[in-house]
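Have a look at it first, and then we'll go pair by pair.

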Amino acid sequence: MKYGIKFSLILMMVLIAACNHEKKTGQAIKPGNPVLPKGELLISDNFSGTVWLHMMGAGDSTLHARFGNVTFEPSARTNWHSHPGGQVLFITEGQGYYQAKDQPARILRKGDHVEIPPNVVHWHGAGPDTEFAHIAISLNTDEGGAVWLGPVTDEEYAGLDE
């Protein structure tokens, strides 16, 4: 009987120790695969640098919204533009910027979001040293699509505060 109790206690301690095993401090965590695909390489005069787009949802939606995952290589960015129905950005990877015309640029990081009111002229894109991805949602698309303006110049981009 004593042998059975001792064996059971030792077995229970081994099981508890195995269940409480944690990763050692300082051990690197390997990044996983992104949740959303990069999509197709975007060839457009409305962007500077290398950008990928993965559109999601039905294109003929009665929801009056379009949304897609946009991935920017370092320093890639949109041109200045606006959306008649507004736009929302959900940052999913990296670090980048959002800037409304005549306003200071805002640094964006994974987990941030930006709510852009209708007709606000703005741009968004990657920081100089990191890829950047966001889910972009164009709202009230029945009011019209993006209104594209000129590029964000290298001088404007270089003048951003980090």
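Start with lysine 110, which is exposed, at a relative accessible area of 56%. Keep in mind that you're looking at a predicted model. Which residue does lysine 110 form a salt bridge with? The partner is glutamate 93, and the closest N and O atoms of the two are 3.7 Å apart. Glutamate 93 is partly exposed, with a relative accessible area of 37%.

Next, find arginine 77 and aspartate 154, whose side chains meet in a salt bridge at 2.8 Å, N to O. Arginine 77 belongs to strand E5 (residues 77-78) and aspartate 154 to helix H2 (residues 154-158), so this pair ties together parts that are 77 residues apart in sequence.

Finally, turn to lysine 38 and glutamate 131, where the side chains meet in a salt bridge of 3.0 Å, N to O. Here the pair links distant parts of the chain, 93 residues apart. Lysine 38 is in the loop between helix H1 (2-19) and strand E1 (40-41), and glutamate 131 is in the loop between strand E10 (122-126) and strand E11 (132-139). Lysine 38 is partly exposed, with a relative accessible area of 33%, and glutamate 131 is partly exposed, with a value of 33%.

Definitions and conventions
Residues are numbered from 1 along each chain as its sequence is written. This is a predicted model: local features need pLDDT of at least 70, side-chain atom pairs count only at pLDDT 80 or more; totals for chains, interfaces and linings use all residues. Side-chain values use heavy atoms; hydrogens and water are left out. A salt bridge is a side-chain nitrogen of Lys or Arg within 4 Å of a carboxyl oxygen of Asp or Glu. Helices (H or I, at least four residues) and strands (E, at least two) are DSSP runs, numbered from the N terminus. Buried means under 20% relative accessible area, exposed over 50%, partly exposed in between (1.4 Å probe, protein chains only).
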